[in-house]
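Please look over the sequence and the model before reading on.

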Amino acid sequence: GIHPGADDNASGIVALLSLAKMMNATGCTPKYTVLFCAWDGEEKGLLGSKYFVEKWFAERAASDSICYYMNFDMVGRTANPAHPAVTFAWNDNYPFIKDQCIKAAKEIPGPFEIIYDQRFGDGKGGSDYAPFSKRNIPFVAWMEDEMHPDYHKPGDTPDKIHWIKLRKTVLLAYGVLWQ
């Protein structure tokens, strides 16, 4: 059968492209280079993100570094549409990341809940943030608030996307990135 993948992971691509459009619209040049990347092969062992991180570390100049990584994976649906929520996972060796989110969240109109999920910076995890975590790169993983029954099934369709939640997630990510 056809698996539309509206939440996993078209919603992540919508977030990525929206964030890129917002950054471009400011007309400002960021202090750091910002790359907008979409990886392939997550379910097959994080193939794209692992390749990028390993190749980058193998070929980088001594002065180059990755100062931050954001990952968007299944950010289009929510368990309670009346009170949408997103999970904000970050690696525990960078507590400033949570502070950035708390500060940015003050600008997001409610209802909107942020579920804080502290992760260890040990490279473990099932999404594309894991290779960055393994290299001790600060990361944020924006994820679903609760796994839905359409995960990897034909029922993952666009009509089930909670567009207001997705918009608020992108606005929050923009606030964190801007900092």
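## Tyrosine 32

Tyrosine 32 has a relative accessibility of 48% and therefore counts as partly exposed, a class that lies between buried, under 20%, and exposed, over 50%. The model in which this residue is described is a predicted one.

Tyrosine 32 belongs to the loop that links helix 1 (6-26) with helix 2 (47-59). Between tyrosine 32 and lysine 168 there are 136 residues of separation in sequence, and their C-alpha atoms are 24 Å apart in space.

## The largest pocket

The largest pocket holds about 1,400 Å³ of space. Its lining consists of 47 residues, and those nearest the centre of the pocket are Leu35, Phe36, Tyr68, Tyr69 and Met70. Two or more lining residues come from each of helix 1, helix 2, strand 1 (69-73), helix 3 (96-105) and helix 5 (163-178). Helix 1 contributes the most, with seven residues.

By residue class, the lining of the largest pocket comprises 26 nonpolar, 12 polar and nine charged residues.

## Packing of helix 1 and helix 5

Helix 1 and helix 5, which both give residues to the lining of the largest pocket, also pack against each other, with axes 10 Å apart and an angle of about 50° between them. The crossing of helix 1 and helix 5 is right-handed.

Terms used
Residues are numbered from 1 along each chain as its sequence is written. This is a predicted model: local features need pLDDT of at least 70, side-chain atom pairs count only at pLDDT 80 or more; totals for chains, interfaces and linings use all residues. Side-chain values use heavy atoms; hydrogens and water are left out. Helices (H or I, at least four residues) and strands (E, at least two) are DSSP runs, numbered from the N terminus. Buried means under 20% relative accessible area, exposed over 50%, partly exposed in between (1.4 Å probe, protein chains only). On a 1 Å grid over the protein atoms alone, a cavity is a set of points where a 1.4 Å probe fits but cannot get out, and a pocket is an open set with protein on both sides within 12 Å along at least five of seven lines; lining residues have an atom within 4 Å of a point. Grid points are joined across faces, edges and corners, and a volume is the space filled by probe spheres set on the points. Ala, Val, Leu, Ile, Met, Phe, Trp, Tyr, Cys and Pro count as nonpolar, Asp, Glu, Lys and Arg as charged, and the others, Gly among them, as polar. Axes are lines fitted to C-alpha atoms, for helices over the stretch in contact, and angles run from 0 to 180 degrees between N-to-C directions. A crossing is left-handed if the near helix is turned anticlockwise from the far one by less than a right angle, and right-handed if clockwise.
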